Amino acid sequence: MVTLSTLDASVISFVILTIILVHSYNRLEIIFIQYKLFLALVILNMTLIIIDILGWVFNGLPGMFNYLCNTGFNLLLYITVPLAPSIWVLYTYYLVNYDELKIKKLRMLLIVFFFANAVISVASLYTGWFFSIDSENIYHRGPFYAVHLAYCGILILYSFVFVFLNRKCFQKWQFYSI
């Protein structure tokens, strides 16, 4: 079951992201890639919060419907979680380079890793590599959960190092906020 503190944190995060989304929405800027990446990041994180909550809601409840929902939402979560750090990589890369062609090349590389993660996530339904749902409808992390975690962590670490190495490309306030 979802704990109250987890639910509270998720709801607060969702509200903050909603405020950011509403405050940052600007029809005039929708044509710019930087703006599209930022909006995608905010909306994706809002979606991930909802998927995460739904994964916990059905955990441990009896019945085939609850089992299918638990399995489905956890699978969806494992497939989509790497999208957030991947978009962050593209966003930070664009802030330094302002080159849409370079962004497209980097995006293609990130898509390859995304699909590899998606294949392993789907395979986990049969192998339990990333996660499994037992006969009691309880979620368990799999033996290769750390690989999934490392993949997401490496993307975030790459962005951090990339921004740090290119800190001269940013104004001081922008560098610290990124």
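In which handedness of crossing does α5 pass α6? The crossing is left-handed. The legends below describe close-up views of a predicted model.

**View 1. Overall layout of the predicted model.**
The protein has 7 helices and 2 strands. From the N terminus, the order of elements is α-α-α-α-α-β-β-α-α. The C-alpha trace spans about 55 × 30 × 25 Å along its principal axes. Of the 178 residues, 38% count as buried. Among contacts with a separation of 6 or more, 62% join residues 24 or more positions apart.

Helix α6 covers residues 145-165, 21 residues in total. From first C-alpha to last, α6 reaches 30 Å, close to the 30 Å expected at 1.5 Å a residue. Its buried residues are Y145, H148, Y151, C152, L155, S159, F162 and V163. They lie on the same side of α6 because they cover an arc of only 165° around the axis. The face turned away from this buried side carries exposed residues: A146, I154, L157, F160 and L165.

**View 2. What covers the buried side of α6.**
Several elements contribute to the cover over the buried residues of α6.

**View 3. The packing of α5 against α6.**
The axes of α5 and α6 are 11 Å apart, and the helices pack at an angle of about 160°. An angle over 145 degrees counts as roughly antiparallel, so α5 and α6 are roughly antiparallel to each other. From α5, the contact is made by L110, F113, F114 and N117. From α6, it is made by H148, Y151 and L155. H148, Y151 and L155 are also among the buried residues of α6.

**View 4. S86, a buried serine of α4.**
S86 is found in helix α4. S86 counts as buried because its relative accessibility is 7%, and the cut-off for buried is under 20%. Leaving out residues up to four places away in sequence, S86 touches L110, Y151 and L155. Those three residues also take part in the contact between α5 and α6: L110 from α5, Y151 and L155 from α6.

**View 5. Helix α3 and its packing partners.**
Helix α3 has 17 residues. From first C-alpha to last, α3 reaches 24 Å, close to the 24 Å expected at 1.5 Å a residue. The buried residues of α3 are N66, C69, N70, T71, N74, L75, L77, Y78, I79 and T80. They pack against the helices α2 (33-57), α4, α5 and α6. They also pack against the strands β1 (131-133) and β2.

**View 6. S121, a buried serine of α5.**
S121 lies in helix α5. At 0% relative accessibility, S121 counts as buried. Residues up to four places away in sequence aside, S121 touches L75, Y78, I79, F130 and F131. L75, Y78 and I79 are also listed among the buried residues of α3.

**View 7. L95 and its surroundings.**
L95 sits in helix α4. With 2% relative accessibility, L95 counts as buried. Beyond its neighbours within four places in sequence, L95 is in contact with Q34, F170, Q174 and I178. L95 and L39 are 56 residues apart in sequence. In space they are 15 Å apart, C-alpha to C-alpha.

**View 8. Two loop residues with positive phi.**
Y98 is in the loop between α4 and α5. Y98 is not a glycine, yet its phi is positive at about 50°. N137 lies in the loop between β1 and β2. N137 is not a glycine either, and has a positive phi of about 65°. N137 is buried, with a relative accessible area of 3%.

Key. Residues are numbered from 1 along each chain as its sequence is written. This is a predicted model: local features need pLDDT of at least 70, side-chain atom pairs count only at pLDDT 80 or more; totals for chains, interfaces and linings use all residues. Side-chain values use heavy atoms; hydrogens and water are left out. Helices (H or I, at least four residues) and strands (E, at least two) are DSSP runs, numbered from the N terminus. The expected span of a helix is 1.5 Å times one less than its number of residues. Buried means under 20% relative accessible area, exposed over 50%, partly exposed in between (1.4 Å probe, protein chains only). The arc is that of the directions from the helix axis to the C-beta atoms. Contact means heavy atoms within 4.5 Å. Axes are lines fitted to C-alpha atoms, for helices over the stretch in contact, and angles run from 0 to 180 degrees between N-to-C directions. Angles under 35 degrees count as roughly parallel, over 145 as roughly antiparallel, 65 to 115 as roughly perpendicular and the rest as oblique. A crossing is left-handed if the near helix is turned anticlockwise from the far one by less than a right angle, and right-handed if clockwise.
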